[in-house]
Amino acid sequence: MIIHKTAAELAEAIAAGELTAEAVTRAFLDRIEAVDGRVHAFLHVDAEGALATARQVDADRAAGRALGPLAGVPVAVKDIVVTKGLPTTAASKILEGWIPPYDATIVARLKAAGMPILGKTNLDEFAMGSSTEYSAFGVTRNPWDLNRIPGGSGGGSAAAVAARMAPLAIGTDTGGSIRQPGAVTGTVGGKPTYGGTSRYGLIAFSSSLDTPGPVARTMLDAALLHEVIAGHDPRDSTSIPQPVPPVSAAARQGAEGDLTGVRLGMVREFGGDGAEPAVLAAYQAGVEALVKLGAEIVEVSCPHFEYALPAYYLIAPSECSSNLARFDSVRYGLRVGDDGSRSLEEVMSATREAGFGPEVKRRIILGTYALSSGYVDEYYGQAQKVRTLITRDFEAAFAKVDALISPTTPFAAFEFGARTSDPYQMYLADLYTIPSNLSGGPAVSVPVGLADGLPAGLQVMAPTMRDDVAYRVGAALESTQEPRLADQVPDVADKEL
Amino acid sequence: MTTVTSPSYADAVAKYEAVIGLETHVELGTRTKMFCGCTTEFGADPNTQVCPVCLGLPGALPVANEAAIEATIRIGLALNCRIAEWCRFARKNYFYPDMPKNFQTSQYDEPLCEDGWLDVDVDGETVRIEIERVHLEEDTGKSMHVGGATGRIQGATESLVDYNRAGIPLVEIVTKPVNGTGALAPEVARAYVTELREVIRSLGVSDVRMEQGSLRCDVNTSLNLPGQEWGTRTETKNVNSLRSVERAVRSEIIRQSGLLDAGERIVQETRHFHEDTGQTTPGRSKETATDYRYFPEPDLTPMSPDPEWVSRLREALPELPRDRRRRLQEAWGLSSLDMAAVLNAGAVDLIEATVAAGAKPEGARKWWMGELSRRANEAEMELGALGISPAQVAELQGLVDAGTLNDKLARQVIDGVLAGEGDPKAVADARGLAIVSDTGALTAAVDAAIAANPDVADKVRSGVHAAAGVLIGAVMKETRGQADAKTVRELILSRLS
Ligand SMILES: [Zn+2]
C-alpha cells in the first residue's frame, strides 16, 4: 500500500515508473480525508496544488527530464512556514486569513524539488508549547492514543507522518519542537545545525534558536528531506555558507549496523531525574543496542546543562517579545475594535489582546520584562553567558566523543490537560533538547521502542555542521529494531484499515 | 505663580551658559535599502518600493547592505572617528505604525564609529565639535494624517502610511555636548550642520538635502549659570533648514532663560520648531520615557570591518571641504569675507572648474559671483543649474582677455549661450559680436560723428574734453557697441587736437 511505503521507496517507485506521483499524492490526500477528522494534524489541505505539482512531475518524467531525489513524494509543512498563496497562520487567531505573498526559501526548495505540498500542519501558537494544545484552532491528537498529545510545537507534522497522512513533513525546532513530537509519535525528527537550513520565511519565534528541519518515519527519509531543504541562503544572514553535510550517505552507512570505533557520550547531568521509568528503560535498551553495534559509551560531564532551561526561557521569550511586535493590525492579519471611536494604540492593544493566546502572552510579557531597562543585564545578559558556557560544554565533550546521546524527552505522550495548568511542567518536556538549540549544534530524535505502549525517542547530538554523525548513529540504532517502530501502525491507522 | 517673561537674547547669554548637542540623521544615497533589494529613489507613488522585508511581513529576514556599511565607515573616517573592529546591530523596540516590525534595526552600545571631531569656522575662529558616535540604522515609513485641521494625528479621521522610505539606510551622527561657545552657540550649531553637510556631500554618500529630509537634525539645548552643573536639556525636532538650526537654538535659549529667571524648572522633553513663528512648542514628554529594550539583532551577524580595508578607505578619502576651502582661498587670493561670499553663493565648485578650464581665478570669480549670480537670482535657480558650464565661462573670459569682447558684448554672448545657441565663440561669431579694432573703419565713424556734430567738435577743440562723450556715444551707436570705448575716445581727441 502506498501510504505505508517510506519516502525513499516512493521516490524510487516514481522514478522507475511503477507509481505515478499523482497516484501517490492522491493516496495521501485520501488518507487525510479518512483519518484527519479524528487526528486534526492539518489546518489547511491543498489537494489541488499538491495534485498539480504531482502531475507536473509525471509530465517531467514522461518527457525524460531529470527528477530530484524526492520528486513526486508529498510533504506536509508546519503552518509557521510561509507558503505563497496558501494560508499561513502560525496557529494564531492574529494571522487568521492571511495569505502570504511569498514562499519561504525551504518551501521554494520543496517546490523546485517537485515535492507536492499536501497542506499546512497544526502547532502550538507561534511554536510556543510542547503539546500542540496551545493551537488557536484546536488540538492535534496522537495517532498512538487519541486521548494523548502528539508533542509540540510540531504536533501536527509529527502526527501527520505517524498516521500515514504524509510520508514527510517540515517542522521547526526552537527548543525541541521537531524532536520531542518525533519521540512521542514514534517518528524521526531532525534538528539541523542552526544556519544549516534557511529561516527566510519561517515566522520568527526566537530568531537565534529557530531551525527548520525534517520529520519522517525513517532516518534515511529524514536525511533525504534534509538535503532538499538545507544549504546556504543569501536571504538569511545567519545561514552558513558551507556545503550541506552528507546526511543521506551517513544514514545509509549507519543502516549497515556497524558503529565500531564510534565514541558516544552519555551526559552525566541528564541522569534521568524526573524522567518516566518506562522512558528510561526504553532508552537503556537503546544504549545497549548501540553497544552491540560496536559503539563505545562513555560518561561525559556538561556542568552547565542544568541551566539550559532557565536560560532558554529568558532568551526565547526576549526575542519573541520583539519578533511578535509586528502583529499590530496595521498591515495584515486580525484587526479588532477599529470602529472609528478608538485610537490607533487602542486598536493595536485590542487586536493583540484578542489575537494572542495565553502562552504567547505569557512569553511576550516574560520577554518584555527580561529586556527591560535595569533588568536586561541580569536576565537576558546572564542567559547569554549561560549559552556561551553550554556551547563550551559541548565543545569539551566533542573533544572526547563523536556524539552525545540522551532520551529525547523525559516523558512519553501525556493526556490532554495534564501539564497545561503548570507551565513549568510543560517546559520540562524540552529539558534534554534545549541544550542543542542554545549551542546551535545538530541533533536527531530516533524511535527507540515503546514505553508502556507509547513511543519513546533517543536523541543523538553532534558537533556543529556534523549533522551526518547524528544521522549515522540514529540510522544504526534504527537498524537494530525489528520490527522498526516506523513500520508499526499506530492505533488510529489500525482502526481505519 | 510667577510670571514668565522673555528676556532679550543678549541678556540671556550674558547670564547663562548654553550647552548644545546635535543629533543628525543622514539618509544614505545607496541604490538599495538597508536590509532588502528595494530601490531608494525619492518621489515614487506610495508603497510601490516595498517588499516582504521592508514591510516586515512575517518570516522575512534582513540582509545588511554592504555599501551602506562602507559609507558609514567613510563618514566616520572623515569625522576622525575610531572604527569598531567588531560591532552589532541592535533592535530598538517601540510601537509605531510607520515602523513595520515595531522595532527599528539600529545600533546601541556598539556603534560602527566612535570618538571623532569636526572643526568648524565661526566668526573667524575654529571651534572643534567632538563627535560621540556615528551609527547605522534603518529609516521608518512616513505617516500622513488626513481629515484633521493640523495634519497631525490629533483630530485626524484617517492615518495613511507610506513604506517607501521604510528601510532606507540612515546614519546617525551624535555630537558630544558642546559648551563654552557663549553667545555664538546658535551660530556654532548652524556652522556644524553646514560643515557636516559639506563633508558628507564631498564623500558622495548622500545628497544631504534638508528640504527633502535626507538630512534631518535634532538640537539639544540646556542652560546653566556659570560654574554650576549643566541644566535639563530639551530636544528640538522639526528643524528643517540650516537657518532653522540657528533660530531653534536661539529661541530655546531665550525661552529657557525666561523660565529660569522666573524660578521655574525646565522640563526634559521633545519640542517642535515652527518655521513661521520661530518658536518651539512641546512634543511628547521624555519623563515617561519609552523603554526601548535594546538587544543585539539576532537576525544579523556581527560586523567586523577588516582593518586593512578600513585603512584603504581612509587613504582614499577625498580632500575634506575645510582643507579644500583653505587651499582655494589661498590659490585665488581671496579674503575670508570674499571666500565666504563664494561659499554662500554655492560657487566654489564652479569657479574651481572654470579655473581648471583655463580662466584666471579673478575672471572666473567675477563672472560667477557677478553677472551669473544675478541671473540665477532672477531666475530663482541654483547657480550650477543656470545652463552655462565652467568651460564656457572660461572660453568667454578668454575672449575678453584677448580683447575680442568687452564686458557688454560678453553679456550678450551669455544671452546666446543661455538661449542654447552654443559655446561663447560660436555665439559671438553667429551674432557678429566683436570689438571693432580696425582703426580705418573707426576713423571713418569718428569723422562722420565730428561732421554731424560741429558744435560739439568745437567745444572739444577748445579744451572741453568732457564734451567728447556725445561723439563717443555716436560712434558706439554707429558701430553697434562693438568698438572699444577707450580707443574711440583717443581717436576723437587726436582728430580734434
Ligand atoms: Zn524592501
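Trainee: Is Asn102(B) buried or exposed?

Mentor: This is a predicted model, and in it Asn102(B) counts as buried because its relative accessibility is 1%, where the cut-off for buried is under 20%. Asn102(B) sits in the loop between strand E3 (90-93) and strand E4 (103-106) of chain B.

Trainee: What is the phi of Asn102(B) near?

Mentor: The general idea comes first. Most residues other than glycine have a negative phi, and most peptide bonds are trans. Asn102(B) has a positive phi, near 60 degrees, and is a residue other than glycine. Ala91(A) is another case: its phi is positive, about 55 degrees, although it is not a glycine. Ala91(A) belongs to the loop between E2 and helix H4 (105-112) of chain A. With a relative accessible area of 0%, Ala91(A) is buried.

Trainee: Which residues are joined by a cis peptide bond?

Mentor: Gly152(A) and Ser153(A) are, with an omega of about 5 degrees.

Trainee: Which residues does UniProt list for "active site"?

Mentor: The unreviewed UniProt entry gives Lys78(A), Ser153(A) and Ser177(A) under that heading. They span 100 residues in sequence, yet no two of their C-alpha atoms are more than 10.8 Å apart, so they gather at one spot. The entry also carries the annotation "domain: Amidase", covering residues 24-467 of chain A.

Trainee: Where is Lys78(A) found, and where does Ser153(A) lie?

Mentor: Lys78(A) is in strand E2 (residues 75-78) of chain A. Ser153(A) is in the loop between strand E3 (117-121) and helix H5 (155-162) of chain A. Lys78(A) counts as buried, at 0% relative accessibility. Ser153(A) is buried too, with a relative accessible area of 0%.

Trainee: What joins the side chains of Ser153(A) and Lys78(A)?

Mentor: A polar contact of 2.7 Å. To read the surroundings, leave out neighbours within four places in sequence. On that basis the contacts of Lys78(A) include Lys120(A), Thr121(A), Ser153(A), Ile170(A), Gly171(A) and Ser177(A). Ser153(A) touches, among others, Lys78(A), Asn122(A), Asp124(A), Met128(A), Ser130(A), Ser177(A) and Pro181(A).

Trainee: What joins the side chains of Asp218(B) and Lys237(B)?

Mentor: A polar contact of 2.9 Å. Asp218(B) is found in strand E10 (residues 215-224) of chain B. Asp218(B) is buried, with a relative accessible area of 9%. Apart from residues up to four places away in sequence, Asp218(B) touches Gly21(B), Leu22(B), Glu23(B), His25(B), Glu235(B), Thr236(B) and Lys237(B).

Trainee: Which residues of helix H8 (residues 247-255) of chain A are buried?

Mentor: Start with the geometry of a helix. An α-helix has 3.6 residues a turn, so residues three or four places apart point the same way. In H8 of chain A the buried residues are Val247(A), Ser248(A), Ala250(A), Ala251(A) and Gly254(A). Seen down the axis of H8(A), these residues fall within an arc of 160 degrees, so they line one face of the helix. They pack against helix H7 (219-229) and helix H16 (467-479) of chain A. Just after H8(A) comes Gly257(A), with a positive phi of about 75 degrees.

Trainee: How many strands form the open sheet in chain A, and in what order?

Mentor: Eleven, in the order E1-E3-E2-E4-E6-E5-E10-E11-E9-E7-E8, with mixed pairing. Strand E1 (42-45) and strand E8 (296-300) of chain A stand at the edges with a single partner strand each, so one side of each has no neighbour in the sheet. From one strand to the next the twist averages 30 degrees.

Trainee: How many bridges join strand E5 to strand E10 of chain A?

Mentor: Three bridges join E5 (residues 188-191) and E10 (residues 443-451) of chain A, and the two strands run antiparallel. Within this pair, Gly189(A) stands opposite Ser445(A) in E10(A). H16(A) packs on the sheet, and the strands it touches include E5, E10 and strand E11 (454-461) of chain A. The direction of H16(A) makes about 15 degrees with that of E10(A).

Key. Residues numbered from 1 in each chain as written. Chains lettered and ligands numbered in written order. Predicted model: local features only at pLDDT ≥ 70, side-chain atom pairs only at ≥ 80, totals over all residues. Heavy atoms only, no water. UniProt positions renumbered as here; feature names shortened; annotations may be inferred. Helix = DSSP H or I, 4+ residues; strand = E, 2+ residues; numbered from the N terminus. Buried < 20%, exposed > 50% of the residue type's maximum accessible area, 1.4 Å probe, protein only. Contact = heavy atoms within 4.5 Å. Polar contact = N/O pair within 3.5 Å; in protein donor to acceptor, adjacent residues only side chain to side chain. Arc of directions from axis to C-beta. Pairing = 2+ DSSP bridges. Axes fitted to C-alpha atoms, helices over the stretch in contact; angles between N-to-C directions.
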